Amino acid sequence: MYRARAETLPLHARAHHSHCSLQRLTRCTYLRHISQLHFSSTGTTNTLSEKPPTYSKRCTVSIDTMATSATTAGLQPPKKSTEYMLPPSSKNNDNYNMTISLILNLLFLALVPLLPVYIWILMHVPTRVVTALPGFVVASATLLLVLALAYDSFSGRAPGHVPSPPSPIPLIGQSKELHGYRNRALEWLTMYSRRFGGKTWTFKVMFRPRVYVILSPENVEYILKTNFTNYGKGPMFRSRMKELLGEGIFNVDGSRWYEQRKISSHLFTHRNFKQRMLNTINKDVHALVNIVGQAADKAKGNTSGAAEVNFSRLFARYTLDAIGEIAFGKNIGALKGESVDFVTSFDYIQSFLNDLVLKPPGYAFYCRHFTPEGKRYTECLATLNTYVRRMVATAKDETTSEELAARGDLLALFMTRTDSDGKPFTEEYLRDIVVNMTIAGRDTTAYALAWALYLLATHREVQIKACAEAQAAYAIAEDEGKDLGYEAIDRLTYLDAVFTEVLRLYPSVPKNPKCVYQDDVLPDGTPVRAGSYVMYVPYVMARLPELWGPEPEKFDPERHLQGRHRPSPYLWPAFQAGPRTCLGQKLAYMEAKAVLCALLANFEFSRSASVATPRLVQNALTTSMEGEGLVLAVKRINSRGGDELMLNRAMNEKEVPQ
């Protein structure tokens with residue numbers, strides 16, 4: 001319904017449109033057919049992909065049924081049960097990236113192996129030849145570089161009708177300008193997205209594939225749902241993250257991804273949410289509140305009467321403990337200061353890879369192998385691997401099959417199942433599962449909580465309303481003599497809107513590039529070539545008036561309260577969408593609302609007078625904060641009427657919260 005008619009395309013785009021038509025008839029039609037089917041795991045209420053709004057009833061089908069349906073529709077069904085999950089051939093993309101990476105690495109490292117050869121020439125070759133040799137080497141290297149740039153520029157050329165930032169220097173694309181914004185990538189993307197009116201635009205960095213920036217919900221839906229198998233991780237991301245993520249769900253496509261998602265979905269059942277997960281969250285929330293409370297009580301004698309607490313670090317440790325128990329049945333003890341080596345190694349590895357993932361191949365190779373930071377990264381990776389593998393080995397040696405079945409955590413789920421060949425999963429594969437789930441459950445929620453508390457501290461009127469809702473919920477729970485229950489957390493409608501708005505402005509993954517496996521045409525008529533990347537940018541989408549009205553950057557939870565429906569996942573792709581929708585979305589909301597509710601019911605938050613306002617790290621994979629992160633001033637609220645006290649203070653203050 002969103003595809004542009006061929007006759008409305010520019011003349012030079014029609015040929016490409018016609019060229020792709022036969023491929024889409026044989027490939028995309030079948031993919032669209034199966035992507036509209038609703039998958040569910042037998043005996044559970046969770047799903048493997050979202051239900052299309054046109055279906056009024058649950059449609060539970062097997063892969064065999066899909067093949068039958070495809071045959072009935074006149075399409076060729078897959079030969080194997082999971083073949084439909086395999087992405088189309090990415091041979092062109094692999095060859096392109098391998099060629100460019102090889103050329104750049106040869107240029108970058110050429111001096112090292114040539115040094116002994118040059119010394120030998122100095123000793124054995126006549127002087128006049130030696131004198132001419134440096135010029136010859138420089139000329140050869142320059143020619144090789146120019147040819148590489150020309151090949152890179154020609155291979156990654158864009159259709160003429162797609163807007164693009166100016167490129168004053170031939171062959172290098174937007175490399176020079178983007179280098180000037182190397183620490184402000186999101187600012188650069190936002191600037192040009194607004195300049196081009198929220199339409200698809202493109203840019204090119206030398207020795208990198210061309211990138212198409214898509215911002216419309218129609219295009220986002222197309223790559224995440226309608227034709228999602230044509231848009232995957234790609235070799236560039238996989239190679240950079242291979243050491244950390246291995247064959248985990250965030251680093252694979254096709255049958256491996258489908259296998260892991262299907263097994264992992266059994267963790268997110270209604271029963272698990274109400275019992276095991278909620279108990280874990282409540283226990284860790286109590287520990288978190290106690291830590292903040294101790295700091296606040298110690299600061300009562302200070303001039304300001306407020307304690308300064310680093311919530312970035314605190315939330316990172318809280319979420320690590322929570323996901324540790326949920327994912328692999330072990331409390332890491334981060335809030336208690338235990339497992340220090342594992343925690344610090346985990347932090348450093350992610351920081352190092354965040355800086356490395358956007359660097360050119362040659363420079364990334366150099367940083368990884370020839371710098372002190374790279375050496376420390378190797379040591380931290382060894383520490384992390386040792387810790388996780390020891391945990392996996394202990395679970396296999398000390399736990400019976402009956403005990404594993406009763407545990408209900410993610411590691412136990414994979415240990416009680418087999419691969420497609422009927423063999424148990426290897427320890428290395430289980431290590432990858434644990435690391436990927438730890439990253440998923442720790443960083444995304446921790447960063448979202450930090451931004452939520454920052455926005456609440458700087459928007460007093462929102463904090464007052466959220467505090468009132470939190471204290472009312474705890475008053476009911478205290479009267480009943482129990483912790484905050486599953487239904488009580490679900491009824492926190494204002495905090496739900498607050499967290500939704502936080503994720504709109506600061507999505508955990510601010511930009512998400514997808515590799516194009518085969519030539520295609522986007523719904524707005526933009527042709528994209530195999531080997532290029534299509535990138536949707538939730539951070540930028542949230543700041544476009546074309547999508548969110550006249551004040552898109554305003555923090556306004558009220559915009560999500562009407563009808564209590566969250567925005568379309570294609571307008572608000574905070575948890576991706578389509579078949580790759582984040583399985584932990586419901587867990588993230590439950591965890592965030594429980595934490596914020598407990599903190600707001602007990603404490604008042606404001607900006608720290610001694611620490612600068614936190615800034616977003618713009619060139620990272622996630623919305624982390626620079627430097628020390630989020631440090632806030634905290635005061636304890638001594639009574640249920642604390643929200644009224646805050647309201648009176650806000651009314652008496654002359655400054656309006658910004």
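Lys283 is partly exposed in this predicted model. Its relative accessibility is 40%. Lys283 forms a salt bridge with Glu325, and the closest N and O atoms are 2.4 Å apart. Glu325 is in helix H12 (residues 311-328) and Lys283 is in helix H11, so the bridge ties together parts that lie 42 residues apart in sequence. Glu325 has a relative accessibility of 16%. Buried means under 20%, so Glu325 counts as buried.

The side chain of Lys274 meets that of Glu487 in a salt bridge, at 2.9 Å from N to O. Lys274 is partly exposed, with a relative accessible area of 34%. Glu487 is also partly exposed, at 39%.

A further salt bridge joins the side chains of Arg559 and Glu501, with an N to O distance of 3.1 Å. Arg559 sits in the loop between H23 and H24, whereas Glu501 sits in helix H21 (residues 493-505). The bridge ties together parts that are 58 residues apart in sequence. Glu501 is buried, with a relative accessibility of 0%. Arg559 is partly exposed, at 26%. Side chains of opposite charge can pair when their charged atoms come close. Across the whole structure, the search finds 22 salt bridges. Arg238, Asp253 and Arg580 are linked in a network of such bridges.

The loop that holds Arg559 also contains Gln576. This loop runs between helix H23 (545-548) and helix H24 (585-602). The phi angle of Gln576 is near 55°. That is a positive value in a residue other than glycine. Gln576 counts as buried, at 16% relative accessibility.

Five strands form an open sheet. Their order is E1-E2-E8-E5-E3, and the pairing is mixed. Strand E1 (201-203) and strand E3 (231-232) are the edge strands, as each pairs on one side only. E3 pairs with strand E5 (residues 512-516) in the antiparallel sense, over two bridges. Gly232 has Cys515 of E5 as its bridge partner. Helix H7 (residues 185-195) packs on the sheet. H7 touches E1, strand E2 (211-214) and strand E8 (533-536). The direction of H7 makes about 140° with that of E1. Helix H9 (residues 234-245) lies across E3, E5 and E8. H9 runs at about 75° to E8. Strands of a sheet pair through backbone hydrogen bonds, either parallel or antiparallel.

The surface was also examined for nonpolar patches. Tyr363, Phe365, Tyr366 and Phe370 make a nonpolar surface patch of about 390 Å². Tyr363 is found in helix H14 (residues 361-370). Tyr363 is partly exposed, with a relative accessible area of 36%. Residues of a patch need over 30%, so Tyr363 passes this cut-off.

Key
Residues numbered from 1 in each chain as written. Predicted model: local features only at pLDDT ≥ 70, side-chain atom pairs only at ≥ 80, totals over all residues. Heavy atoms only, no water. Patch = residues over 30% accessible without salt bridge, like charges linked within 9 Å, V, L, I, M, F, W, Y side chains within 5 Å. Areas by Shrake-Rupley, 256 points an atom, 1.4 Å probe, with all protein chains shown as cover. Salt bridge = Lys/Arg side-chain N within 4 Å of Asp/Glu carboxyl O. Helix = DSSP H or I, 4+ residues; strand = E, 2+ residues; numbered from the N terminus. Buried < 20%, exposed > 50% of the residue type's maximum accessible area, 1.4 Å probe, protein only. Pairing = 2+ DSSP bridges. Contact = heavy atoms within 4.5 Å. Axes fitted to C-alpha atoms, helices over the stretch in contact; angles between N-to-C directions.
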